[in-house]
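Here's a quick briefing on a protein model with its ligands, put together for someone who thinks in contacts and torsions. Have a look at the sequence and coordinates first.

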Amino acid sequence: MKGTWSDRVFVAEHPLIQHKVTLLRNKRTGSKEFRELIQEITELLCYEATRDLPLGEIEVETPICVTKSKVLSGRKLAFVPILRAGLGMVDGAIELVPAARVGHIGLYRDPETLKPVEYYCKLPLDIEERTVFLTDPMLATGGSADAAIGFLKARGVKNIIFLCILAATEGVERLQKNHPDVDIYAAAYDDGSLNEHGYIVPGLGDAGDRIFGTK
Ligand code: PRP
Ligand code: URA
């Protein structure tokens with residue numbers, strides 16, 4: 001897929017993704033369509049982010065003959081959404097890699113301080129052996145993703161990839177500084193500053209509220 005890579009950040013350029021991001025930005029897009037779009041974009045992003053997964057070869061019998069053919073091998077995967085908006089990305093991801101495990105990290109951003117507050121963490125027991133795709137639609141100040149990556153590293157996880165829909169400059173720079181080993185895949189990049197409430201501009205508003213219809 002076409003996209004631009006810079007300092008471990010991949011921003012998708014695929015026309016389908018750009019079109020779907022525009023629909024997400026539109027404030028008139030309702031929750032049902034918003035959820036479907038998040039899921040579709042996640043599938044497309046995940047396709048790109050899994051490009052380097054290692055392959056092995058097995059023998060398979062086709063209706064015509066026996067042949068050798070490739071299968072995913074080696075690395076075990078996990079998807080870990082940051083609750084709650086990250087949940088909206090899990091169905092799309094697990095659709096592509098059904099054997100992956102799913103963990104959950106619960107964080108919300110304090111509206112006054114914009115600092116992440118942890119309220120839940122449940123991860124697969126063997127999480128340290130897995131490549132973890134951490135999902136959250138929004139990378140704004142980067143505080144939530146920074147903290148979630150910190151939890152994963154504290155549990156021994158070595159391979160972490162962050163998948164988001166919209167990335168803002170502040171959040172990208174924070175992750176690049178604090179976690180230079182983590183690749184970031186974003187469907188779009190908004191390079192303006194955040195507004196006074198810490199929302200991405202132009203952004204798409206509050207992702208959790210739009211996914212779950214809470215406002
Ligand atoms: C949103 C979003 C991220 C976070 C991004 O979650 O889903 O987790 O804000 O902002 P940051 O990069 O400045 O940390 P929110 O705190 O609104 O919680 P929610 O998912 O429960 O709505
Ligand atoms: N969280 C959101 O849901 N949206 C933003 O723009 C920033 C943080």
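Predicted model: local features only at pLDDT ≥ 70, side-chain atom pairs only at ≥ 80, totals over all residues.

Residues are numbered from 1 along each chain as its sequence is written, chains are lettered from A and ligands numbered from 1 in the order in which they are written, and side-chain values use heavy atoms, with hydrogens and water left out.

**Ligand 1**

- Ligand 1 has 14 residues around it, and Arg109, Asp136, Thr141, Gly142 and Ser144 come nearest (a residue is near a molecule if one of its heavy atoms lies within 4 Å of it).
- For polar contacts (pairs of N or O atoms within 3.5 Å; within protein, one must be able to donate a hydrogen and the other to accept it, and residues adjacent in sequence count only if both atoms are side-chain atoms), start with Arg109, where a backbone N or O atom is 2.7 Å from an oxygen atom of ligand 1.
- Gly142 also uses its backbone, with a polar atom 2.8 Å from an oxygen atom of ligand 1.
- Ser144 brings in its side chain, where an N or O atom sits 2.6 Å from an oxygen atom of ligand 1.
- On its own, ligand 1 has 500 Å² of accessible area, and the protein covers 90% of that (Shrake-Rupley method, 1.4 Å probe; for residues, only the protein chains shown count as cover).
- Strand S7 (104-109), strand S10 (138-139) and helix H4 (143-154) are the elements that give two or more residues to the shell around ligand 1 (these are DSSP runs numbered from the N terminus: helices are H or I with at least four residues, strands E with at least two).
- By class, that shell around ligand 1 has six nonpolar, five polar and three charged residues (Ala, Val, Leu, Ile, Met, Phe, Trp, Tyr, Cys and Pro count as nonpolar, Asp, Glu, Lys and Arg as charged, and the others, Gly among them, as polar).

**Ligand 2**

- Around ligand 2 you'll find Arg109, Met138, Ala140, Gly198, Tyr199, Ile200, Gly205, Asp206 and Ala207.
- These residues split into five nonpolar, two polar and two charged.
- Backbone polar atoms do the contacting here: one from Ile200 is 2.8 Å from an oxygen atom of ligand 2, and one from Gly205 is 2.8 Å from a nitrogen atom of ligand 2.
- Ala207 likewise has a backbone N or O atom 2.8 Å from an oxygen atom of ligand 2.
- Ligand 2 exposes 240 Å² when taken alone, and the protein buries 88% of that.

- Most residues other than glycine have a negative phi, and most peptide bonds are trans.
- The peptide bond from Leu83 to Arg84 is cis, with omega near 0 degrees, and Arg84 lies in the loop between strand S5 (76-83) and helix H3 (90-96).
- Another cis bond, also with omega near 0 degrees, runs from Val201 to Pro202, in which Pro202 belongs to the loop between strand S12 (183-190) and helix H6 (207-212).
- Arg8 is not a glycine, yet has a positive phi of about 70 degrees; its loop joins strand S1 (3-6) and strand S2 (9-12).
- Leu114, in the loop between S7 and strand S8 (116-122), has a positive phi of about 65 degrees although it is not a glycine.
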